[in-house]
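Dear colleague,

My notes on what was found in it follow.

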Amino acid sequence: MYDFAADPALPKTELYRELAQAADALTRDEPDGVANMANIAALLWQFLPDINWAGFYRVIDGELVLGPFCGKPACIRIPMGQGVCGTAAAEAKTQLVEDVHAFPGHIACDAASRSELVVPVVNDGAVIAVIDLDSPMPARFEGDDAAGIEALAKMVAERI
Ligand code: SME
């Protein structure tokens, strides 16, 4: 049994440090990328308060394809450059969106989502996936969240 305790009252930097430690412990010795993405999605879901979707889209044959996640069923394929996820993947750049309704081309998978953070996962100089977090709260994500998820993306890039 894995029993990682998440205390949402922790300062964000500390919360992300603990999340990264748990993710490292779960994925370090496991070569299966799907298993690792599934456990990371579960950790994000468990550790982060006020989110309604957490998971992966993978770059396959030039488009994004849904990967392991927690939350409501989501759109399966996203063209590069479209939506928040496709923009993060095409530009290899974190997208921190305080109000999804103000993001041109935002793709609504869950009508409750109000803000979103998407971080590219880069391996060998290529974007291989994105980590996507959605929240029903406007402006739920800030710089500390982006930094925390970017550190996580870097750590797992060779494990997914
Ligand atoms: N909102 C995303 C689509 C994925 S769902 O949020 C899970 C986007 O605009 O790319």
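**A buried serine**

Ser-135 has a relative accessible area of 0%, so this residue is buried, the cut-off being under 20%. Please bear in mind that the model is predicted. Ser-135 belongs to strand 6. A polar atom of its side chain lies 2.7 Å from the backbone oxygen of Asp-50. Leaving aside residues up to four places away in sequence, Ser-135 touches several others, including Ile-51, Asn-52, Ala-112, Arg-140 and Phe-141.

**Helix 2**

Helix 2 runs over residues 33–47 and has 15 residues. At 1.5 Å a residue, helix 2 should span 21 Å, and this agrees with its end C-alpha atoms, which are 21 Å apart. Its buried residues are Gly-33, Asn-36, Met-37, Ile-40, Ala-41, Leu-43, Leu-44 and Phe-47. Seen down the helix axis, these buried residues fall within an arc of 160°, so they line one face of helix 2. Their cover includes helix 1, strand 1, strand 2, strand 6 and helix 4. At the start of helix 2, a side-chain oxygen of Asp-32 comes to within 3.1 Å of the backbone nitrogen of Val-34.

**The ligand**

There are 13 residues around the ligand, of which Val-84, Cys-85, Ile-107, Glu-116 and Asp-134 come nearest. A backbone N or O atom of Val-84 lies 2.9 Å from a ligand oxygen atom. On its own the ligand has 310 Å² of accessible area, and the protein covers 100% of it.

With kind regards

Key. Residues are numbered from 1 along each chain as its sequence is written. This is a predicted model: local features need pLDDT of at least 70, side-chain atom pairs count only at pLDDT 80 or more; totals for chains, interfaces and linings use all residues. Side-chain values use heavy atoms; hydrogens and water are left out. Helices (H or I, at least four residues) and strands (E, at least two) are DSSP runs, numbered from the N terminus. The expected span of a helix is 1.5 Å times one less than its number of residues. Buried means under 20% relative accessible area, exposed over 50%, partly exposed in between (1.4 Å probe, protein chains only). The arc is that of the directions from the helix axis to the C-beta atoms. Contact means heavy atoms within 4.5 Å. A polar contact is a pair of N or O atoms within 3.5 Å; within protein, one must be able to donate a hydrogen and the other to accept it, and residues adjacent in sequence count only if both atoms are side-chain atoms. A residue is near a molecule or strand if one of its heavy atoms lies within 4 Å of it. Accessible areas come from the Shrake-Rupley method with a 1.4 Å probe; for residues, only the protein chains shown count as cover.
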